[in-house]
Amino acid sequence: MHKLYHFPLSPPCRKVRLVLAEKGLDVELIEERYWENRQDFLRMNPAGDVPVLRNPELVLPVATAICEYIEERHPEPPLLPKTVKARAEVRRLVGWFDEKFGREVSEPLLRERVIKKLSMTGQPDSQAVKSGVKAARFHLDYMNWLLERRKWLGGDAISLADFTAAAHLSCLDYISDVDWTRSEIVKEWYATVKSRPAFRSLLADQLPGFPAASHYSDLDF
């Protein structure tokens with residue numbers, strides 16, 4: 001049995017949850033409010049962030065490392081393409097969403113709208129929120145460009161790139177911070193990913209004090 005120390009509205013944690021579910025692997029979810037710096041948690045991961053996967057074999061932090069470990073241990077269904085070139089493109093996009101999208105969009109919006117309230121560390125910075133919302137438009141346009149040329153973000157088959165992007169968007173969708181009117185093709189892509197069985201546990205998430213958007217769990221939004 002895998003144990004995953006996670007926070008419900010963390011994109012990296014959601015990515016790992018999606019991969020575990022897509023592979024049909026059982027997992028025990030343990031919510032970790034990482035900003036509290038719990039000592040037992042810091043002993044597992046001195047970096048103090050989530051996710052952390054724990055099983056009889058290892059204790060492993062960092063979402064991308066966890067996902068690649070799962071992929072190697074459980075290669076079916078595959079979430080990385082067969083060819084070197086195609087795998088490189090998927091990994092490039094994983095980096096794009098986890099690093100660039102995360103830094104410019106997910107981190108500021110989730111920090112200002114959610115984490116500050118939960119951790120009682122001040123009021124939202126309206127300028128940071130505006131910057132995140134503005135950056136989101138650029139990223140949605142880039143996704144639109146990719147999906148006009150490909151069936152999925154990384155190519156002809158669903159991959160870790162799609163789950164990475166969907167993990168970020170699902171967190172923002174929970175707090176109504178995605179403009180789904182900007183791109184019909186991106187909206188259709190997300191609805192397709194959202195309809196997969198692997199997404200069910202994410203759609204059932206409820207964070208006390210932060211009700212989900214009314215359309216959040218609607219598969220035909």
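Not counting residues up to four places away in sequence, Lys 23 touches Ile 70, Glu 71, His 74, Pro 75, Glu 76, Pro 77, Pro 78 and Leu 79, where contact means heavy atoms within 4.5 Å. This is a predicted model, in which local features need pLDDT of at least 70, side-chain atom pairs count only at pLDDT 80 or more, and totals for chains, interfaces and linings use all residues. Residues are numbered from 1 along each chain as its sequence is written, and side-chain values use heavy atoms, with hydrogens and water left out.

**Lys 23**
- You will find Lys 23 in the loop between α1 (11–22) and β2 (27–31); helices (H or I, at least four residues) and strands (E, at least two) are DSSP runs, numbered from the N terminus.
- Lys 23 counts as buried because its relative accessibility is 10% (buried means under 20% relative accessible area, exposed over 50%, partly exposed in between, with a 1.4 Å probe and protein chains only).

- Leaving aside neighbours within four places in sequence, Leu 169 contacts residues including Phe 101, Met 143 and Trp 189.

**Cysteines**
- The structure holds zero disulfides (pairs of cysteine sulfur atoms within 2.5 Å).
- For Cys 67, the nearest cysteine sulfur is that of Cys 13, 10 Å away; Cys 67 is buried at 2% relative accessibility.
- For Cys 171, the nearest cysteine sulfur is also that of Cys 13, 8.5 Å away; Cys 171 is buried, with a relative accessible area of 0%.
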